[in-house]
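Subject: Structure handover

Dear colleague,

Here is the structure I said I would pass on. My notes on it follow below.

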Number of protein chains: 2
Amino acid sequence: MAVYTEVTDDELNAFIAQYDLGAVLSCKGIAEGVENSNFLLVTERGPYILTLYEKRTRREDLPFFLGLMEHLADKGIACPLPVQGTDGLALRELAGRPAVIVTFLAGMWPRRITPHHCAELGTALARLHLAVADFRMERPNALSLDGWKDLAGKCAPRADEVARDLRATLEAELAALEANWPAGLPSGVIHADLFPDNVFFRGDGLSGLIDFYFACNDFLAYDIAICMNAWCFEVDGSFNATKARMLLTSYQKVRPLSPAEMAALPWLCRGSALRFLLTRLYDWLNHPPGAFVRPKDPLEYLRKLRFHQTVRGLGDYALDDGGSYQV
Amino acid sequence: MAVYTEVTDDELNAFIAQYDLGAVLSCKGIAEGVENSNFLLVTERGPYILTLYEKRTRREDLPFFLGLMEHLADKGIACPLPVQGTDGLALRELAGRPAVIVTFLAGMWPRRITPHHCAELGTALARLHLAVADFRMERPNALSLDGWKDLAGKCAPRADEVARDLRATLEAELAALEANWPAGLPSGVIHADLFPDNVFFRGDGLSGLIDFYFACNDFLAYDIAICMNAWCFEVDGSFNATKARMLLTSYQKVRPLSPAEMAALPWLCRGSALRFLLTRLYDWLNHPPGAFVRPKDPLEYLRKLRFHQTVRGLGDYALDDGGSYQV
């Protein structure tokens, strides 16, 4: 939970006067998300989300993120749409931060993941990947191999405080990934952070995707690997092959994966596990003692990494059962 | 900011099915309040507030609090109204906690207090005090003299960690309050926690009062003393007599204070300052290191207490200037 910046009523009223949204009825900080400050803003026109971008979101990236949401909404992908002021601008300043208002998306994120959720997710992810095909802006993935090396270097001196031999594990895994990271796979804009709390459902149906603030250009299949890690492990650490199969099968009904993409999945899963292990480890080692935000457990992703390290091929995921994920 | 309890989508949907509110569109934890878990719940009927009562709110007190809100709403006081399920009940269980849905109150609490806010507050507080005259339930104030002694005793061994000679200061103040605490003043149900974040405004007008979970029976003028402490000091610690005058003048236009109530204000202000000093001190000394909630500064109320200790009569508040607060 996180609201880093207080917005005064005077500041907010002056801000809202730049939109055609009527008067503010209410503005309450939302106890979710860890990167930015989010408020549920109710105006005479209805509910909206107000986001203030804190220091971990770089200002120069905001046009990419906002442009992406506009592009996706335009393509019929259910996601928040930045609201423009009467001057036609969506991005402005509030309380000394870059700030936008986006449309409100109905739905709740699922707390208990079922295979059905994973099927809906696969469809939505594949549609997202098709919809970005003609999006013209680019943002390199700062959290790929080079970024991991940088984080691992920063964490190395204290990594073993968190788990025995963690420093050596990180170094060995980085070397293995560097030697085996795929090349030439279909690329495009990926969400890159599609955890359950960024996917809304109404009843059984997926109602929208939020939080595009890690979106970047990378292999499309890497987005699937991120979802496999985030959606297909049980709380006890076990890998749920049924969920992974549902994710992949429904994805492929919309966008079939090439044999090279399928073959690359184990390495993409290892890379994705390392990515979240490293960012969580960094936050774990560097969060200020009095911080509001409880850092997420890096060891969850160390366990996932270790699982993927045992995988010698797709068969070990129990995915390859009679080609049910092939369309 | 505090949301202590996670509510799953499945639990929430089952809960909402007991009301005539349509389906849930959204439910987001609110990063405000420190005692209970609050959610902004949007259903097909509109926005509501869902509150889960955590352990600091005693279950046996809930009928008093809910009955009070119903009574006040009935009397035309703008405050949240508990929503009844189709079975006629407002209080039920969710995620193992007592839970209620209350109506949504438009408005924002003022971050920068002006004398005008204090005038609006005085009017609303006096109306509240008139409206409770025929409310028949009672709840003793657990945070009066006896409760202060209990808290001071618990804090005594470590009080001097927080401020030099704080233990002796607390003991001397308790003795002084015990010897001088007024008796026989007009009594009734008071809000007892009417800080700015519990008072909503729309534009210049007060739009409602929230958070009745400290309400109890005590001297009505003690509620004014709580407001004087919470609304009439500047951030630099100085007492703003103009704000206090506005508060009292507008209060008295609705409910004139007796000479005995006026004369008692300095002691009531000292008692109120000690009350918040003690609860904040207790929380300061006892909050778990990893807690989400940043404890409030007890020293703010030590400074207020010291100010009131220098007051020898109403004249020292600069309130008594030509009787402008007398109607």
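This is a predicted model: local features need pLDDT of at least 70, side-chain atom pairs count only at pLDDT 80 or more; totals for chains, interfaces and linings use all residues.

Between domain 1 and domain 2 of chain A there are 3 salt bridges, a salt bridge being a side-chain nitrogen of Lys or Arg within 4 Å of a carboxyl oxygen of Asp or Glu. A:Asp134 is paired in a salt bridge with A:Lys75, with 2.6 Å between the closest N and O atoms.

Residues are numbered from 1 along each chain as its sequence is written, chains are lettered from A and ligands numbered from 1 in the order in which they are written, and side-chain values use heavy atoms, with hydrogens and water left out.

Domains of chain A

Domain 1 of chain A covers 9-103 and domain 2 covers 115-317; the bounds come from an automatic or database domain assignment. Their C-alpha centres are 27 Å apart. Domain 1 of chain A gives 19 residues to the contact and domain 2 gives 22 residues, where contact means heavy atoms within 4.5 Å. About 1900 Å² is buried between the two domains, 72% of it from carbon and sulfur atoms. Buried area is the accessible area (1.4 Å probe) that two parts lose on being put together, summed over both. On the domain 1 side, A:Phe64, A:Phe65 and A:Leu68 lose the most area to domain 2 of chain A, together 30% of what that side buries.

Chain B against chain A

Chain B and chain A each put 34 residues into their contact. The area buried between them is about 3200 Å², with 60% on carbon and sulfur atoms. There are 6 salt bridges across this interface, and 10 residue pairs are in polar contact (both at pLDDT 80 or more). On the side of chain B that touches chain A, the elements giving two or more residues are helix 1 (9-16), strand 1 (24-29), strand 2 (37-43) and strand 7 (199-202) of chain B; helices (H or I, at least four residues) and strands (E, at least two) are DSSP runs, numbered from the N terminus. Strand 1 of chain B provides the largest share of that side, 6 residues.

B:Arg112 forms a salt bridge with A:Asp10, closest N and O atoms 2.9 Å apart. A:Arg112 likewise forms a salt bridge with B:Asp10, at 3.0 Å. This second pair runs from the loop between strand 5 (97-103) and helix 3 (115-131) of chain A to helix 1 of chain B.

Chain B is superposed on chain A by a rotation of 180° with 0.0 Å of shift along the axis (RMSD 0.0 Å), using least squares on the C-alpha atoms of residues with pLDDT of at least 70 in both. The two copies are therefore related as by a two-fold rotation axis. The same surface serves both copies, as 100% of the contact residues of chain B recur in chain A.

One residue of chain B

B:Glu35 is in the loop between strand 1 and strand 2 of chain B. Its side chain makes a polar contact with the side chain of B:Arg56 (3.1 Å).

Regards

Notes: A polar contact is a pair of N or O atoms within 3.5 Å; within protein, one must be able to donate a hydrogen and the other to accept it, and residues adjacent in sequence count only if both atoms are side-chain atoms.
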